[in-house]
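Here are a few friendly notes to read alongside the model. Please keep the structure open as you go through the points.

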Amino acid sequence: MTRFEGYGVLITGAGQGIGEAIARRFAADGANVLVTDRDSSRAMRVAAAIRDSGGTAESHTCDVADRTAVEAAVAQAVASFGSLDVLVNNAYSCHPDPTHFEDHEDGPWYQDFEITLHGAYRCVRAALPYLAAAGGRGAIVNIGSVNAEQHFGCHAYSAAKAALASLTRTLAVECAPRGVRVNLVEPGTIRTSAWENRQEALEHAASHYPLGRVGEPDDIAAAVAFLASADAAWITGVTLPVEGGLLVGNLAMLREMPQE
Ligand SMILES: NC(=O)c1ccc[n+]([C@@H]2O[C@H](COP(=O)([O-])OP(=O)(O)OC[C@H]3O[C@@H](n4cnc5c(N)ncnc54)[C@H](O)[C@@H]3O)[C@@H](O)[C@H]2O)c1
């Protein structure tokens, strides 16, 4: 028996990149996956690819900014699969920073919070009654970022990711009596389309990672699957960095240190 056999899993922003890898991973481990994305064609492509490789998946067009669409996605997962056991909050928004902080505009700033933080809030609110009815196997995995820990640019996105880590801890305690665990994975630099046409930047980033490379979407999918699984039955409220050691040392400083 595969570890997620019979599970209903809903992933937001799963039409490409990390979300797609998470969807494929759950499906490979036997889950019934609802691939949701605000871009219908992306969601449909991923769901079809999962079915082509023998898995079970449906797609749903869902912008996490839209409460009605979020509730409809949750309803589809429950109607199609009979239960909703795992929610992965992966959709995000990240605008580049202006040169000077005082030149921020409200629109992009609020948008980063609206999708990255409030989108997850909306999904949790809609999914929680079903996760709580999942017989103790209900789990939420939020996708954070190393940007929540240190300054790597993207002011509003980083603050929203830090708030998401806080919300993870709050929810972990609130939801524990209802048999739902809530954890967060904090990726470092991951090779996705977010870095398309920025090969040089990726190589530069890799040189700062103690493990000598940037991450791949599958590195994150493996951590998400672990936290959602019975192997993590006594783990809730944690932030799990999956970042090749980026946050535990300062390679640049060490390299630039004058030798004796
Ligand atoms: N790629 C990285 O280097 C990196 C680093 C740290 C954290 N992360 C986090 O990983 C997650 C996925 O990143 P990625 O690089 O795979 O992203 P990506 O840009 O490759 O894909 C994101 C997907 O989300 C969808 N999406 C965007 N806004 C949406 C909305 N409002 N509602 C629903 N879907 C929406 C997009 O259509 C797209 O398919 C994000 O939470 C991101 O913050 C990524």
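1. A patch is made of residues with over 30% relative accessible area and no salt bridge, where like charges are joined within 9 Å and nonpolar side chains (Val, Leu, Ile, Met, Phe, Trp, Tyr) within 5 Å. Here Glu-102, Asp-103, Glu-105 and Asp-106 form a negative surface patch. One of them, Asp-106, belongs to helix 4, which covers residues 106-116.

2. A word on the model: it is predicted, with pLDDT of at least 70 needed for local features and 80 or more for side-chain atom pairs, while totals for chains, interfaces and linings use all residues. Residues are numbered from 1 along each chain as its sequence is written, and side-chain values use heavy atoms, leaving out hydrogens and water.

3. How many aromatic pairs does a search of the whole structure find? There are five (rings of Phe, Tyr and Trp, its six-membered ring, pair if their centres lie within 6.5 Å; planes under 30 degrees apart count as stacked, over 60 as edge-to-face and the rest as tilted). Tyr-92 and Tyr-157 are edge-to-face, because their ring centres are 5.9 Å apart and their planes stand at 65°. Tyr-92 lies in the loop between strand 4 (86-89) and helix 4, and Tyr-157 in helix 6 (residues 155-175), so this pair ties together parts that are 65 residues apart in sequence.

4. Tyr-157 is buried at 12% relative accessible area, whereas Tyr-92 is partly exposed at 44% (buried means under 20%, exposed over 50%, partly exposed in between, with a 1.4 Å probe and protein chains only).

5. Finally, Phe-4, Tyr-7 and Phe-26 form one aromatic cluster.

Terms used
Areas by Shrake-Rupley, 256 points an atom, 1.4 Å probe, with all protein chains shown as cover. Salt bridge = Lys/Arg side-chain N within 4 Å of Asp/Glu carboxyl O. Lys, Arg positive; Asp, Glu negative; His and termini not counted. Charge placed at Lys NZ, Arg CZ, Asp CG, Glu CD. Helix = DSSP H or I, 4+ residues; strand = E, 2+ residues; numbered from the N terminus.
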